[in-house]
Amino acid sequence: MSQIKVNSLASVASARSSETSSQGVGLEARSIHAWFGQKHVLSDISLDFYSGTVTALIGPSGCGKSTFIRILNRMHEFIPTAAMAGEVLLDGKDIYRSGVDVTKIRLGIGMVFQKPNPFPSMTIKENVLSGLKLAQIKINNSDELLEDCLVRAGLWSEVKDRLDQYGGTLSGGQQQRLCIARSLAVKPQVLLMDEPCSALDPGSTLRIEETIRELSETMTIVIVTHNMQQAARVSDYTGFFLSDGGPGQLIESAPTSQIFSNPKDKRTEDYVTGRFG
Amino acid sequence: MSTLIGDMPQQPMADGSTIPKPIKPWKPTPKQLLPDLLGAITAVVASLIVVAITPLAGGLGLIATFFSVSIVVASTISWIRQDRKAAANSVSTIVIYFLAAFVLLPVVSIIFEIIRKGAPGLSLGIFFSDMSVTSSDAPLNEGGLLHALVGSLYVVALATVVSIPIGLLTALYLTEVNGKAAGVVRFFVQAMSGVPSIVAGLFIYAVWMISFGGTYTTAAGSMALAILMIPTVARTAEEVLKLIPTDLREAGLALGATQWKTVALVVIPAARSGLITAVILGVARVAGETAPLLLTIGGNDAMNWNPFSGNNSALPFYIWKNFGLGTETAIARAWTGIFVLMVVVMIFFTLTRILGNKKR
């Protein structure tokens, strides 16, 4: 049974990889460690994220995937007890170097959260363009940008006649795509997605996966997911995280087809075939 | 399940030798803080100079100058270091700091003044004697405020005992039962919370003394305080209960519980800390009330252990009375009374907080 499953996932994954062409490195994590207070939660994670590709981070709950992705755009530091070590390079420069403007970092590395979180006081249109206001960016053709972002997020046809309604009136899946459109409006180089589909139905999940595929042509995408089929469907590279009770570690990272068909580590194989986790 | 995670060979670094030191790179280094420090010093020096050479003399002038100079210096530093956006951020930060200090200023000066004027009258003796055989101009080491302290504890405790059940049950009616009358009840609770305290005293005076021919008692005072306390407790508790997610209630009901059991075992425990705050706010509302007590407890210079019969005193009453007497020692006694009232209220709040925060 598990053999069948691993084969089917591998075939999905290899179908994906064949159509991608990796370019330069967009974002690099170098020897990342993370702590909450005294608790060491991530140990020595080094991972490259290539421009124009999707990297999926998989692993059981509590292995530090979300902590890792939050380190990538400096959201980790909002937790008072948090500490870290290592470097995150965006275009070869450490985003944690001293004197860096953290707001510019987060402008370049966008994030989509697990639970759809459109701003409740804003209409659909205002939500999409909110990043411009918040980051104090002035543009001339905001209507063009609005349409462009909503089209790329796969939401335009559904909302084009109700742009002045509030974001909360949309369904969960539409809200999440609205949040993706909102992230796109400030034109980030990298988009981080922390389990973006875990609260959504399969139909909405499919739409968002299509969106991710389309977006990956122009940007670097990192997605945390618990859904192995999703990792196989959308990603070019996969990193497998695991914690053996201690800090979370990166057990293996490779092209997705390899992770699902021919993993090097026994633990990766066990996980992707559903033997644990 | 042939392979367990525990069977895996240990990863490197298990010995701890190569683990780097945890750092917080987002915390500014001393070197980065230097411009801010220099800016703060510049602002202080500059405002002192401005105040010295211009007509902007006095404390108010200094504060106004310091405020404007700080904004200019901080935004300049941020602008040079980053950009205009950072400068705007600095301006709002400085304004918020100054406003926070502005709130702190009167509080700190009140506490300072109470300690300065109240401390001379403090001695162990005042907690063991009353004013029944001490005249108003007797030295401070004679007499005491035990009668007022006990009266205050009685009157607040009785008011609390009456208000907590009524207030909390009202809040439960508004949030959990949400019956047909909820709108009306909510309206009246809100209206009641705006009642001036002397009206509460007058109401008890009119009902208890005039209509029923009653006399001054501690209990009458606590009824007046309860009128003030119930709406505060009810409104705060309602807000707290509203924050409890509906999911929790549904989870309880889905286990086959009755509504009463769900409320008692799920909703109230989840809201416990907030409900304690509601009670604290209620006590805080009435602990220092003077006006309703003037009309209801009558005042007394001697001990009265019976809350249901005879006049009694209370700390606010004692303070009011001693200020009215006007002699130097009486005024000193009034300040000591304020000090004791403040400490009693503080001890009570701290205790409630500790009890409320105990691990559930």
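Trainee: Among contacts in chain B between residues at least 6 apart in sequence, what share join residues at least 24 apart?
Mentor: In chain B, 68% of those contacts do, where two residues are in contact if their C-beta atoms, placed from the backbone, lie within 7 Å. This is a predicted model, in which local features need pLDDT of at least 70 and side-chain atom pairs count only at pLDDT 80 or more, while totals for chains, interfaces and linings use all residues. Residues are numbered from 1 along each chain as its sequence is written, and chains are lettered from A and ligands numbered from 1 in the order in which they are written.

Trainee: How many helices and strands does chain B have?
Mentor: Chain B has 13 helices and 0 strands, counted as DSSP runs numbered from the N terminus (helices H or I, at least four residues; strands E, at least two).

Trainee: And helix 4 there, how far apart are its end C-alpha atoms?
Mentor: They are 44 Å apart, which agrees with the 46 Å that its 32 residues, 146-177, should span at 1.5 Å a residue; the expected span is 1.5 Å times one less than the number of residues.

Trainee: Where is the kink in helix 4 of chain B?
Mentor: The kink, about 30 degrees, lies at Ser163(B), shortly before the proline Pro165(B), with the bend taken as the angle between axes fitted to the seven residues ending there and the seven starting there. After this helix comes Asn178(B), whose phi is positive, near 50 degrees.

Trainee: Switching topic, what pLDDT does chain B average?
Mentor: Chain B averages 87, and 94% of its residues score at least 70, pLDDT being the predictor's confidence in each residue, from 0 to 100. Over residues 1-12 of chain B, however, pLDDT stays under 50.
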